[in-house]
Amino acid sequence: MAYWCLHSLDLLGHFDDGGGTGGAKKTKEEEGGYDAMRDVEEMQKGHLLRRIVSTLEHCWMDVALEFDADDAAGDARLERLHREQKGGGSNNGEGMSSGGKKALSITGGGFGGGPHQMPHCAPTYAAVLSLAIVSALGLERPVGHPYREAGRRAMEVLTRRRLQLYAFFLTLREEHEGGQRTAFRMQHDGEIDVRASYCILAPCHLMGLLDESNDNNNDTDKGAANSDEGRNTANNPLLSPSIPRYIASCQTFEGGFGAEPHNEAHGGYTFCALAALRILGSVPTIDVGALSSWLARRQMGYEGGFQGRTNKLVDGCYSFWQGGAVAVLDGWYDEDGGGDGDDATNATDNELSFDEVMLQRYILLCAQDVNGGLRDKPSKPKDFYHSCYNLSGLSVAQHALEPWPPSSSMEETVAGEDGRGEEKYNRLFGDINVNIVGRTDPLINIRVERVRFMRSQRFVS
């Protein structure tokens, strides 16, 4: 819930210095000098951000974890976490496992859906993304700004918990076929599906847990964390080739992905599978042509929105799950690795391969409630979930594709007098002065500025 609301507000420009939605940002001097009410509003927003961080802190739950000492010996992050906890006076140490092997005891953990709830991949994903949004909003402001303290606290939580999250994620692995394929559970003793793979890999990408350079103490190039150059697949279990092999096994005869092998293709699981493969750099392991064809058939010609499965009705939330998957695939095609060989004809030149105007029309005219909020379809009630993913889909449809991952060295767009500036847009529907929302990262689904900020950080526990 916190993520849905926070991301929606961020896309709408609620926390931007200029206040409004999509238009050009103006300084206080340009708007006629000092505005006391704006200061009050910023203080209220800063208080809201601090309360969000406090709520998420209370949703954290420690979990006692046990690793085979020999298996953990080559994992620098586990060894570092063990040393920190042992040196901090905890009871963690080496002992014997139930199988008679030397064991390493570590306190890991994750976020639950509420206080005192079991750690689960879905709320953990949402919590990390929420903390990333608050961190960027606060720490990119000057000292003394009302958002600054919330940003500092959010980054402190991420820095303190990231290695515990890493350890928790490792214990959710489930190997198949003698280790040839590796899936993840959503929680301990929970279900196995491709949501877990994505909900683990996306936060790890944000926190640099897929990049060896981010945990080195020497001063290495920060840009290395934004590419595969900073990755060491041999020493990081989360980069094992068995993970994309399992995800690929979930692709169906239709071309989309099911929750697990032999399930029906579904928009939400398809996005999770494709985004996870893109993070791992393993998109070529699947039948890309079949996936592209399946996605193309999910946009309905009359309504303009997307359906989630074959022979189902349009639903506003699939504006992102299906539309975002198209953006991820089109972006991959446009990059050097995606346009080679027979797939070269599928390159889209930074354009989306669905009808972006029709999707915007459905979201703005059919999914939008006249009293505020967004919904599945007309006659359905508005809710925070559909508001978040309708707005995310609207963002994908409005903004032209950019290279992924967004580089930390890329400068933010400065809006011009018309509010559009140097930003590149697709074809737009309606009044561009009020309809434009912020640019979301199509893989992570927070604003690209927040992703750039997080990927530029050096996490030192």
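**Figure 1. Aromatic pairs in the predicted model.** The structure holds 15 aromatic pairs, where rings of Phe, Tyr and Trp (its six-membered ring) pair if their centres lie within 6.5 Å, and planes under 30 degrees apart count as stacked, over 60 as edge-to-face and the rest as tilted. Tyr-3 and Tyr-125 form an edge-to-face pair, 6.1 Å centre to centre and with 65° between the planes. This pair links distant parts of the chain, with Tyr-3 in helix α1 (residues 2-11) and Tyr-125 in helix α5 (residues 121-139), 122 residues apart; helices (H or I, at least four residues) and strands (E, at least two) are DSSP runs, numbered from the N terminus. Tyr-3 is buried at 2% relative accessible area, and Tyr-125 is buried at 7%; buried means under 20% relative accessible area, exposed over 50%, and partly exposed in between (1.4 Å probe, protein chains only). Tyr-125 also forms a tilted pair with Tyr-198, 5.3 Å centre to centre and with 55° between the planes. Tyr-198 lies in helix α7 (residues 194-206), 73 residues from Tyr-125, and is buried at 1% relative accessibility. One aromatic cluster is formed by Tyr-3, Trp-4, Tyr-125, Tyr-198, Phe-271, Phe-320, Trp-321, Tyr-385 and Tyr-389. The model is predicted: local features need pLDDT of at least 70, side-chain atom pairs count only at pLDDT 80 or more, and totals for chains, interfaces and linings use all residues. Residues are numbered from 1 along each chain as its sequence is written, and side-chain values use heavy atoms, with hydrogens and water left out.

**Figure 2. A charged group over the ring of Tyr-166.** The charged end of Arg-77 sits over this ring, 5.4 Å from the centre. A charge sits over a ring if NZ of Lys or CZ of Arg is within 6 Å of the ring centre and within 35 degrees of the ring normal.

**Figure 3. Cysteines without a disulfide.** The structure holds zero disulfides, a disulfide being a pair of cysteine sulfur atoms within 2.5 Å. For the sulfur of Cys-121, the closest cysteine sulfur is that of Cys-199, at 6.3 Å, which is too far for a bond. The sulfur of Cys-388 has its closest cysteine sulfur in Cys-5, at 8.5 Å, again too far for a bond. Cys-121 is buried at 0% relative accessible area, and Cys-388 is likewise buried at 0%.

**Figure 4. Packing of helices α9 and α11.** Helix α9 (residues 267-280) packs against helix α11 (residues 318-334) at an angle of about 30°, with the axes 9 Å apart. Axes are lines fitted to C-alpha atoms, for helices over the stretch in contact, and angles run from 0 to 180 degrees between N-to-C directions. The two helices are therefore roughly parallel; angles under 35 degrees count as roughly parallel, over 145 as roughly antiparallel, 65 to 115 as roughly perpendicular and the rest as oblique.

**Figure 5. Backbone features in loops.** A cis peptide bond joins Trp-404 and Pro-405, with omega about 0°. Pro-405 is located in the loop between α13 (384-398) and α14 (432-435). Glu-177, a residue other than glycine, has a positive phi near 55° and lies in the loop between β4 (173-176) and β5 (181-184). Asn-311 is not a glycine either, and its phi is positive at about 65°; Asn-311 is found in the loop between α10 (288-296) and α11. Glu-177 is exposed at 53% relative accessible area, and Asn-311 is exposed at 75%.
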